[in-house]
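The exercises below concern the architecture of one chain and its contact with a neighbouring chain. Each task is followed by a solution in steps.

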Amino acid sequence: MFKIIGYRLLVSLPLLFFVTALTFFLVSFTPGDPAVVILGQNHTPEEYQRVREQLGLTQPLLVRYGDWLGDIVQGNLGTSIFNQEPVVAILNSRVGVTLSLVLGTTLVSTLVGVGLGLASALRRGFLATIVDTVSLLGFALPNFWLALVLVAIFSIGLHWLPAIGYVDPATSPGDWLRSLVLPVLVLSAPIIGVLAQQTRNAVLEVLDRPFIQTLRAGGASPASILFRHILRNAAIPIVTVVGLTFVGLLSGTVIVETVFALPGLGGLAVQATSRHDLPIIQGVVFYFTVIVIVVNLLVDLAYAWLNPRVRVA
Amino acid sequence: MSNDVITPGPVVTTGPGTRPPRWLLLKTLVRKPLALVTGGFLLVIILASLAAPLIAPYQPTALDLPNAFSGPTAKHLLGADELGRDVLTRLLYGGLQIEIGVLEGILTVLVVAIPLGILSGYLGGIFDRVMSAITDAILAIPAIILVLVILSLFPNNSHVSMIGFGLLISPGIARIIRGVTLPLREADFVAAARISGVSELQIMARHILTAVLRTAIIQASFVAASALHFVVALGYLGLTASPGQPDWGQMVAVAATQITSHPWLLVPPGGLVALTVLALILFGNALRDSSANVNQVAAMAEPVLPVGPPTPVAPVKDAQLPAPDALLAVRDLSVVFSNRKNQTRIVDGVSFDVRPGETVGLMGESGAGKSITALAILRLLPGAARLTGGQVFFEGRDLVALNDREFDRLRGTTLGLVSQEPLSSLDPTFTVGSQLGELVRRHDRVSGPKLKARCLELLNQVQLPDPARVLKSYPHELSGGMAQRVALAMALAGRPRLLVADEPTTALDVTVQKEILALFRKVQQETGMAILLVTHNFGVVADICDRVFVMYAGQVFEDAGVYELFRRPLNPYSQGLLRANPAKAQPGQPLQVIPGRVPSPGNWPPGCRFAPRCPYAQPECTTRFIPLVETGQGRLSRCIRLGELVEKELL
Amino acid sequence: MSQLQPLLEVRNLEVHYKRRRSRQTLKATDGVSFEILPGTTLGLVGESGSGKSTIAKAILGMTPVHSGVIKLSGKDITNLDRRARRPLSRNLQVVFQDPNSSLNPYLTVGRTLAEPLQAQGEERGEKLRQRVAEALERVGLPHEAANRYPAQFSGGQRQRIAIARALMLHPELVICDEAVSALDLSVQAQILNLLLELQKGQGLSYLFISHDIAVVRFITERVVVLYQGQVMETGLTAAVTENPAHPYTRELVNSAPLPDPQAQRQRRAEEEKVRAASPKARAEVSGPTGQGCPFAGRCPYVREVCRATRPPLVKTENGGLTACHRYPEWKSSANPG
């Protein structure tokens, strides 16, 4: 088990390096000058030079990237060019929102998607049609549009749920949940369909395997065959899919946080892009990448737990 | 001239002509209504946006302030926006930019992903590993963040961002292409082409690309759908379009500001996007189905006939009453496979008995229906197959009449099963102890040390060395022979009275087969259980069976004691099979063969199903139903010329 | 011209496979030597893991050879690169086991059959079509078959097509790698007859690889018995199968049940008597120790020497070779032990 964790983390380091370097260089080539953003249009050349030096922009690119890497090791992601606050503080204040969204979505979509897929694999017919329709619609509707439609119905029409904004769980757990319902619904819509279809395929595939026949013929109880044997074997491909949808989910947060005005990392990234706030963008990418790495690690562990062949290798 | 030289089966034509079905894919596609509707919709959208200046009712920027926010009216079919601009007109004018964006995305993916996927799948090695690492990295980055970065580099440039989008999803598609290529690289037909001197480039172009293109075309519909979402989302975020432009995304964004007062404005642009994406996906699905069908359609060249009128029951035995001494008596069993279009009979009125302690062989070539017969008895038929008639008596009790719950109680305790693939007949995710223990716990209601003791006893009974270690092993740690022993132990856990063994040694080496057959005999001596053995191997039958039922085309053709059958088969089919066996032939001399091939279910000829291949066939053989008749000494045979052939010593 | 030059000559062939994620190498074949004379059939027989298919792959250049020499008509073809191998297609062809995967499902039979000719730059247009039609006729299929796809044919017919492709360039040697194993009994007999007939008509040689001793006995003149990558015994097929000079051959021959209940049950009873007499428990297969005889772990006649040193191939009385330390002890007696 520790071997897998160690191996995975070791493999992840180059990924972290690659992703941050790519963003670093791409962003640094973008037109727009952070010094100008800070000073506005009216400034003297001296002021301009002073700000650039303060920001470290006079240094060569590689040196700046090296410095940035060195700082990470000390838990320092620099300061925002826009408002001089430490990036770590800004990100930490917002990461909770994104994590709530992401975890909530994962929970909801996995429970509903796997449940639907399982049910439709065993009952086929009508349920299978529902699963197909749900997954088709979930994929076909643009997420920002779905968000607006849901807001129009549930917030403006029925006044059941807040249209926008986020409530801290410390302030009011109930309102926190209510503020998450629509965003989570929008994010889950495409994933539920994908998971349901994958689950159905996986379960149908397992149902065809000879060992199910062996167990049935041997007199194993139908409940045990379903919950012990079929689910566990079907879970192996499903876990992989859950891991893959996760990255797409992070992309989704960017749009959903913007539509619902949630103070999370995704919305921050959009803002920072328009302000050329390099340290913030890098910070967001860094956080996202770490989240992805942790998820991949969890997927690997789940995979190893489910599949004894991997454990041995 | 004897019938022993090459006499291949009939080659069936697909149509009247002999032209190759070159556009099979397109043909099958056109036959699908869904493909026609969705494809037509997409075509209309594209043509309409190309012809926007000709067909649009207004100018995209023409203001009609008095009618601002009008819902759908005769004047504005889809309503008008906050400045009274016609929504339909703006949708028509906005289409082209969207379509160009989607096209850019798809082309980028196809140009990048297909070569990369094929190369990394076909070449393997370092190239593949580097590609795989890059793919991992790119798949780990939320794509939109990078596109945001690209967009600040090229502000408002939708072309660059769609190409960027294409580049970002290419690795995922390339991985799928690679997945298709990988098995092809190892395929025998690629090896054969190489051995025939075909160059690598030609192999990639002819053998790999043809297979990969199908996958790529299908993936393209999903790429198109994603690209459409993406290009609209960019417009919505105001990254590639400014508020005044007739852009689908911007129209949603403007509608969002009016959401409290005029929600209708949301409907036309969003609905259009959703419908277009739906059409793309459904079109892709139809494409996938028809390309999967290409092979099936080709294979379906032989028409699958609907089930004809039920064949009359052979008046051989009383179909209702079981033989008094039989443990298992199967009477007139019929099984039908059904899919959406056809019903195909695969087992047709099979009757046989198994007496206590007896080993009975169900012998036949593939397609004879022997395995399906066995599974029907165990109520383990695959989803598409259905028992359509007959009874299965166990000690006089009709099992077909039992409900599922009652039947479940017989599983393991009365009827056991050992199947063909030893390794895949064990659950790979549980240890042997866990799955064997599960059955023991259920049958014996024991736990703890007693449970373990019984498990060890079972493993000892199947003569596994070091049973304690085997209990802790996972199936993949066992050899084929060991796994088959474990499978037998699982079948024995409930002490069944009848063991059904479905080709139990076919996947094993001969030396292991010998051991497993010896084990069957030993266990049978100890427990007195009866064995129903399904096999295609005459050697196995000769080794272990007391009685044999030779099956052909869903029917029993001969029923005889094992010694009698081998000494003198009383049916032309059994005789032909025995003679075709190289084990008894003179080396180097041509074998006496049965010409032609086993007819597939649904293509059974009328009358005697063996008649087209039978050296003794006469016209009368094909005109009427051939019953299974008594031949004396308790033997049965399905042949109307039997008496005559025996007399002439042809049989 | 004192002696016929062998068509194929394999000397001390060693092929190694690397085990995944470990530095161990597996000797898939170890010091295998044999030769095929023109117009004859040599059988390679053995169970799974015996290395018989690896030998085919090595000859066909599908796997690298670690050491040893493979000569085709006197020309060294060991480890030739792909470009240099291309002209060999005129001499050496193959028929694989699985007729489903040996034909490209997306190409018509005609295109599949034309491919070898096109690759060699031979024939085009009407001439090409004619050659394809002739090839189909040779294997007993109608000309129209050229316009159809593999899925439209049965397993036996597909195997005929695969044979037709192998013969397009009129090779001298065809490797049949389990070419009839996937077929039903009645179809298998048809294909075996076809192979025999083609051999007579065209003077073909076959390297016939099979796990089925009955088929090998029927179609081959000489046979090589392999176990875990090593040659256990070689010789005339009739002699080897009637009177095995190696305990493994004996076991292989006796394990395949005879399609005759009386003879089969008699043989079984005799064997049980022998086994009862020698109380040695037979262990499950143990891997080769690297030094001794690979069969030592399963051999009922095993001695210390068998585990310690690898037995050399020695001449047998019926003109073959056997790798058994104890052969000299019992060569005169019919039944060892």
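**Exercise 1: Architecture of chain B**

In this predicted model, the domain assignment divides chain B into domain 1 (79–300), domain 2 (323–414 + 496–582 + 593–601) and domain 3 (421–495).

Task: Determine what separation lies between the centres of domain 1 and domain 3 of chain B, and describe the fold of the chain.

Solution:
1. Taken over C-alpha atoms, the centres of domain 1 and domain 3 of chain B lie 50 Å apart.
2. The chain contains 22 helices and 12 strands.
3. Of the 651 residues in chain B, 55% are buried.
4. Among contacts in chain B between residues at least 6 apart in sequence, 68% link residues at least 24 apart.

**Exercise 2: The contact between chain B and chain C**

Task: State how many residues each chain brings to the contact, and which elements of chain B supply the side that touches chain C.

Solution:
1. Chain B contributes 82 residues and chain C contributes 79 residues.
2. Together the two chains bury about 6,800 Å², with 56% of this area on carbon and sulfur atoms.
3. Polar contacts between chain B and chain C involve 24 residue pairs, both residues being at pLDDT 80 or more.
4. On the side of chain B that touches chain C, at least two residues come from each of α8 (188–195), α9 (200–236), α11 (267–299), α17 (480–492), α18 (510–527), α19 (538–544), α20 (562–567) and α21 (572–580).
5. The residues of that side comprise 43 nonpolar, 21 polar and 18 charged.
6. Between chain B and chain C there are 4 salt bridges; Arg206(B) and Glu115(C) form a salt bridge through their side chains, at 3.3 Å from N to O.

Conventions. Residues numbered from 1 in each chain as written. Chains lettered and ligands numbered in written order. Predicted model: local features only at pLDDT ≥ 70, side-chain atom pairs only at ≥ 80, totals over all residues. Heavy atoms only, no water. Contact = heavy atoms within 4.5 Å. Buried area = accessible area lost by both parts, 1.4 Å probe. Polar contact = N/O pair within 3.5 Å; in protein donor to acceptor, adjacent residues only side chain to side chain. Helix = DSSP H or I, 4+ residues; strand = E, 2+ residues; numbered from the N terminus. Nonpolar A, V, L, I, M, F, W, Y, C, P; charged D, E, K, R; others polar. Domains from an automatic or database assignment. Buried < 20%, exposed > 50% of the residue type's maximum accessible area, 1.4 Å probe, protein only.
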